[in-house]
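My notes follow the structure.

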Amino acid sequence: MDVDFYVHGYLPIHLGGATVYITTSHVCLAIVMIVLIVFAIVVNRKIRNADPREASTGLLNVIELGVETVDKLVYDNMGGTLAPKFCNYIGVIFMLLLTCNLSGLFGLRPPTADFGVTLPLALITFVMIQYQGIKYQKWGRLKGLFEPIFVFFPVNVISEFATPISLSLRLYANILSGTMMMALIYGLLGKVAIIWPAALHAYLDVFAGALQAYVFAMLTMVFVANAAETD
């Protein structure tokens, strides 16, 4: 039987002499973004309509728990100086990656199985690392590239640029490998693979997806905090 890795081009776009396509990754990423935006609007309305004098219940209780957990995680890893500036970003990036990674459970191709999605996210982290390092260390950031001795400058520069590559490849490779394994199982086994692969979904989509979202968010916090060298 044919094995489908869910990579298809839908709408060709001609740019000069080249042709690019709206692919499955673009479509699935758009669906994920729409789901998150609708979710945010619903939660926002519930918060506006909630009575602050009464204890929260249901969805609001879950949201409060999630926000408090993220805030504590960011404060523990970034300190009181940086945490207030990054709580929202870390929460959003974790929700985005978690939703993308889990989208395979609903018949979508996880957008994070595309390097064109993970690399820009890692580059955002890279820019934040450099900006916070320069902001708090000033010239000390440049001086650090020549430590412990001058000859280590090339190694330190390579280490800086390796950060976004390792961040993006780790997320991309883990999600892509799980997507390919499930595609091979369903494509080669056909109707035989209807019920029992649920255990594989639990690991490859749920466990690995949640773990990789957590790792990306955690490394972002650690790298930015180390670059700033605040409290």
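I looked up α1 and α2 first. The axes of α1 (residues 24–49) and α2 (residues 58–102) come within 10 Å and cross at roughly 85°. The two helices are therefore roughly perpendicular, a label for angles of 65 to 115 degrees. Helices here are DSSP runs (H or I, at least four residues), numbered from the N terminus. Axes are lines fitted to C-alpha atoms over the stretch in contact, and angles run from 0 to 180 degrees between N-to-C directions.

This is a predicted model: local features need pLDDT of at least 70, side-chain atom pairs need 80 or more, and totals for chains, interfaces and linings use all residues. Numbering starts at 1 along each chain as its sequence is written, and side-chain values use heavy atoms, without hydrogens and water.

Next I listed the contact (heavy atoms within 4.5 Å). From α1, the list includes L29, V32, F39 and K46; from α2, it includes L59, I63, M95 and T99. By class, this contact has 13 nonpolar, one polar and one charged residues.

Then I searched the whole structure for cavities (sets of 1 Å grid points, over the protein atoms alone, where a 1.4 Å probe fits but cannot get out). The search found one cavity of 30 Å³ or more. The largest cavity holds about 40 Å³, taken as the space filled by probe spheres set on the points.

Which residues line the largest cavity? They are N101, P110, N174, I175, G178, T179, L204, D205 and G209, lining meaning an atom within 4 Å of a point. α5 gives the largest share, four residues.

How values were computed. On a 1 Å grid over the protein atoms alone, a cavity is a set of points where a 1.4 Å probe fits but cannot get out, and a pocket is an open set with protein on both sides within 12 Å along at least five of seven lines; lining residues have an atom within 4 Å of a point. Angles under 35 degrees count as roughly parallel, over 145 as roughly antiparallel, 65 to 115 as roughly perpendicular and the rest as oblique. Ala, Val, Leu, Ile, Met, Phe, Trp, Tyr, Cys and Pro count as nonpolar, Asp, Glu, Lys and Arg as charged, and the others, Gly among them, as polar.
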